[in-house]
Amino acid sequence: MSLIMKLPIIMEESRKAFEEIMATTGSGRYVLKEHTGRHREIAASRENILARGDNLSFMKFLMDEKDLTGKLKLIYIDPPFFSKANYGSEIKIRSDKVKKIPVMKQKAYTDAWNRGLEEYLEMLAVRLMIMRELLAEDGCIWIHLDWHAVHYIKVLMDEIFGEKNFINEVIWHYKSGGVSKRRFARKHDTLLFYAKSDKYYFEPRQEKSYNRGYKPYRFKGVKEYRDELGWYTMVNRKDVWQLDMVGRTSAERTGYVTQKPETLIERILESCTREGDLCADFFGGSGTMAAAAERMGRKWISCDIGRLATISSHKRLIAANAAYSLYDEEGDEMADEEKGRIEADISLQPALVSDKMLLRVELLSYRPYSLEQIPVEEKYLPVIKKILDKDPLQLVAYWSIDSHYEDGINKPDAYLRKENEGIKTFYEAIGSDFGPVCIKVVDVFGNSAILTVEL
Ligand SMILES: C[S@@+](CC[C@H](N)C(=O)[O-])C[C@H]1O[C@@H](n2cnc3c(N)ncnc32)[C@H](O)[C@@H]1O
């Protein structure tokens, strides 16, 4: 049967799955693991959330446990594109003690589907139905795709959201990639913009439109401007966006494969949301939407099934000093924090200059329990063993210290991240009261380990 004939069946099956999910409660179970940043001081009842898990169960969790049905103002998703490929992210480790460490690749996510497009469409259709439930009446959804599947998803979206709610097809045009001798170079992605209803919020923005020949028109009543290229007028932003991908040397670059530029998301956020609005990305990758939303004063929710994606987002959002809660899907073995052994020197002594106490923590060593937890190709294992023997702290992506650890929830006072010059291993704090100390280490492969010490 051709795919076009199967579409009604895909829709029907997805609708049944959707109804079943909606009829049950508690099918999405997530465990609160960490509060970051200024979070402890923030009494906001609806916090920013970073979650690791399947977005299907996570969205159900948001409905059942967080009461967010009908509350999201914007959903942006950048799902796998049906490219039939596997994606790996770069792992770069530097050490003075181990020379010539190659850049390793670790699997980030797969976009290969046993039952082809049918399986892919089923995966998305049911999720899009749930996203519609989560959207506010004046909210909207953006789906970021490319030539592989966008035309089929357009048809599904018309069915799920209604043709009349289709607002724009935005073309993101870039310079990189896509060259072939057998076709025109593929240089764009397509973003579908749908509203939940005709009450949707939209604020047009302006952009430059250069005059023909860059010369002044001098039309009456038309304001003209000039820059180094020539004369232009300001017009409402169009639906073709020329924006660069994240460059190799860009400060924004996380190393996560298929990372999108924040400038792209900024345009969506500035036209489709107001400050304080709650925005979600359920295929969050390296946390691009969350990072842009954080910078622009929007509340955000970001979820990804992959551990590399989650540590990329976490590192990026910690660096942005964001306040949020980190959740893990229950039963996710990566949520298990017994993945390695930490050795640390922790001491509490009277501070010299006041009547307070001085807490000192030195991270001495970290080792994952087994090489099986290191999901790189076998050819890299000898070099990993060398690093483990000679310079194991170089495997640490970041570590944190919570000096008042309680209820199994990590609320770090500080995160020490890997910088160019390596990882900082020393932490000091002055205070009058310190509770049990929790040290959590996350390695570059996404394994985590904790060490708790009663003082
Ligand atoms: C194209 S990438 C997103 C990249 C992201 N926009 C960024 O800028 O980094 C797609 C992501 O979807 C995630 N993903 C795939 N299936 C998922 C699922 N069922 N639940 C949650 N995340 C999923 C993958 O792990 C991958 O990180």
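Is Glu262 buried or exposed? In this predicted model, Glu262 is buried, at 10% relative accessibility, where buried means under 20% relative accessible area, exposed over 50% and partly exposed in between, calculated with a 1.4 Å probe on protein chains only. Residues are numbered from 1 along each chain as its sequence is written, and side-chain values use heavy atoms, with hydrogens and water left out. Because the model is predicted, local features need pLDDT of at least 70 and side-chain atom pairs count only at pLDDT 80 or more, while totals for chains, interfaces and linings use all residues.

Side chains of opposite charge can pair when their charged atoms come close. A salt bridge was taken as a side-chain nitrogen of Lys or Arg within 4 Å of a carboxyl oxygen of Asp or Glu. The count by this rule is 28 salt bridges.

One of these joins Glu262 to Arg316, with an N to O distance of 2.9 Å. This pair links distant parts of the chain, 54 residues apart: Glu262 lies in helix α5 (residues 262-272) and Arg316 in helix α7 (residues 307-319). Helices (H or I, at least four residues) are DSSP runs, numbered from the N terminus, as are strands (E, at least two). Arg316 is also buried, with a relative accessible area of 11%.

A salt bridge is also found between Asp402 and Lys411, at 3.9 Å from N to O. Both of these residues, Asp402 and Lys411, are buried. Shared partners in salt bridges join Lys6, Arg115, Glu118 and Glu122 into one network. Within this group, the side chains of Arg115 and Glu122 meet at 2.8 Å, N to O. Arg115 is partly exposed at 45% relative accessibility, and Glu122 is partly exposed with a relative accessible area of 22%.
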